[in-house]
Amino acid sequence: MDNKFKKLRKLARSRVFIVGSLILVQFAIILVAALGFTRYFVVYYSMSYILGIVFVLKVISKKQTMAYKLAWTVIILLFPPFGAAIYTIFRGNHISERVLGQMRNMTGTTLSSVERKDDVLEELDKIDKVAEKQAEYIRNTTLCPTYKNCVVEYYPSGETLISTFEDELEKAERYIFLEYFIIDYGEMWDRIHAILRRKVAQGVDVRVIYDDVGSILTLDKNFDKSLEAEGIKCKVFHRFSPILTAVQNNRNHRKICVIDGKTAFTGGINIADEYINTYKKHGYWKDNAVMVKGEAAWSFTVMFLSMWDYLNGKRDETSNYDGYKPSDDEYRLYRSNGYVQPYTDNPLDDEPVGENVYLGILATAHDYVWITTPYLIIDEQMEQAICKAVKSGVDVRIVTPGIPDKKIVNETTKSYYPNLIKNGVKIYEYEPGFIHAKTFLCDDKVATVGSVNLDYRSLYLHFECGVWMYGCDCIKDIKSDFEEIFANSSVPQEKKCGLIRRVWRAVLEFLAPLM
């Protein structure tokens, strides 16, 4: 009894409970105000009708997917003026002038800090014109060029990564930059934290960025201040606020570690014990990451520094990051086959880069496209692209979790199975547990590993990143990992759903763009 009381008291004092309660109060005020107007039925009905039409016109004028527009349209028309009020607060990617200015600074600094590498694209064009077009798209939209002087190593799980990750951190001489959606106390953080403290003592510039919503259940409110007290610089991305605001929609879902501008890590792995399987959260946690050494690490460095300045709220637009960049001689030490191109995606520029990278792979595939994703909540464009690839003779396989982390989201994922399977897509569920990797592999020559899930939040609302690869030696390792995943997965035997479950899935799929 005492333990239950202590847990309840701890929950009542937690930031999640306090902030969540304040947000619920604001929802209640909006709802009560809307219901209050119903006493004046004629006036209420007339005003609601006019308000609904105005807001629907506003919705359909936005540059958003049709599914997103349709979902909001129905909510606004069914529940005016409550729906209109909620839309005003959570209307996708509303950008203030201040944020626009900060984003322009990020873009301008990135443009001034990276080379175009036209010679690399010209070389790739001679080998594969289709791949060159994909690479050129990424460069023109994210300003991240294609590189050659790189070595890429693939890690099929957190436990295969952690020792290498620690070794590389220990080698840092100038700086360590960490940017993660989730950081949690435990063995993984303790091991990394100990190295960071040692490196600060050695004079290394150590910086950490973490997402406040991503880490709200795992970190203390003053975690950033505790790091600052140790000499570790820290920024919190979009603190979770008790005020209803659209900015809470846009989270920093990126996973980036950069060491001295020469080594970078990215993928799906956050800093928490389930990612290295010392804590069994949803069965075996299957994830992946890549380590990039050489010139491509510079793009990740610029991504981090521009995000740091965005959170700082200021930067001289004419300056760049040359002081952080290794010399050309240092980069010449890294030689390998293939082409490497990091990319970043943000929700404020109306350009769904992550989705377009995936669509580009599907559109140009010849033999196969294999995919892993923790969530399969896709728009009509992506669904059609997947089905079209299959009908063109491409072997498309998608692996989702056997043990989900969120039941409602997994039920939404399953709602997409019937149409995909009907069109020839092979669906697998990873039996040992939860697959968190976000990977596309195509025709033994193209792959991407990063943080971008196949869901609306990742594709449209989050800051994301990844690395596109062509002809790299590590692609054979990615393929071997896929083959092992298939061997440990099963084809879902979907039983005929009852009416209630079919309706529930239909509702979830309809509301998916707003989740």
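This is a predicted model: local features need pLDDT of at least 70, side-chain atom pairs count only at pLDDT 80 or more; totals for chains, interfaces and linings use all residues.

User: OK. Which residues make the nonpolar surface patch?
Analyst: Ile-408, Leu-499, Val-503, Trp-504 and Val-507 make it, and the patch covers about 470 Å².

User: Which helix gives the largest share of that patch?
Analyst: Helix H20, residues 499-511, with four residues in the patch. Val-503 lies in that helix.

User: How accessible is Val-503, then?
Analyst: Val-503 has a relative accessible area of 45%, which is partly exposed. Patch members need over 30% relative accessible area and no salt bridge, so the 45% of Val-503 is above that area cut-off.

User: Switching to charges. How many salt bridges does the structure hold?
Analyst: The structure holds 27 salt bridges.

User: Start with Arg-207. What does its side chain meet?
Analyst: The Arg-207 side chain forms a salt bridge with that of Asp-205, at 3.0 Å from N to O.

User: Is Arg-207 buried or exposed? And what about Asp-205, buried or exposed?
Analyst: Arg-207 is buried at 8% relative accessibility. Asp-205 is buried as well, with a relative accessible area of 16%. The cut-off for buried is under 20%.

User: What does Asp-224 pair with?
Analyst: Asp-224 pairs with Arg-239 in a salt bridge, and their closest N and O atoms are 2.7 Å apart.

User: Where do the two sit in the chain?
Analyst: Asp-224 is in helix H11 (residues 223-229), while Arg-239 is in the loop between strand E4 (233-237) and strand E5 (256-259). The pair therefore ties together parts that are 15 residues apart in sequence.

User: And how accessible are Asp-224 and Arg-239?
Analyst: Asp-224 counts as buried at 11% relative accessibility, whereas Arg-239 counts as partly exposed at 34%.

User: Next, Asp-405. Which residue does it bridge to?
Analyst: Asp-405 bridges to Lys-406, with their side chains meeting at 2.8 Å, N to O. Asp-405 is partly exposed at 23% relative accessibility. Lys-406 is partly exposed too, with a relative accessible area of 40%.

User: Last one. Which residues do salt bridges with shared partners join into one network?
Analyst: Arg-116, Asp-118 and Arg-139 are joined that way.

Definitions and conventions. Residues are numbered from 1 along each chain as its sequence is written. Side-chain values use heavy atoms; hydrogens and water are left out. Patches are made of residues with over 30% relative accessible area and no salt bridge: like charges are joined within 9 Å, nonpolar side chains (Val, Leu, Ile, Met, Phe, Trp, Tyr) within 5 Å. Accessible areas come from the Shrake-Rupley method with a 1.4 Å probe; for residues, only the protein chains shown count as cover. A salt bridge is a side-chain nitrogen of Lys or Arg within 4 Å of a carboxyl oxygen of Asp or Glu. Buried means under 20% relative accessible area, exposed over 50%, partly exposed in between (1.4 Å probe, protein chains only).
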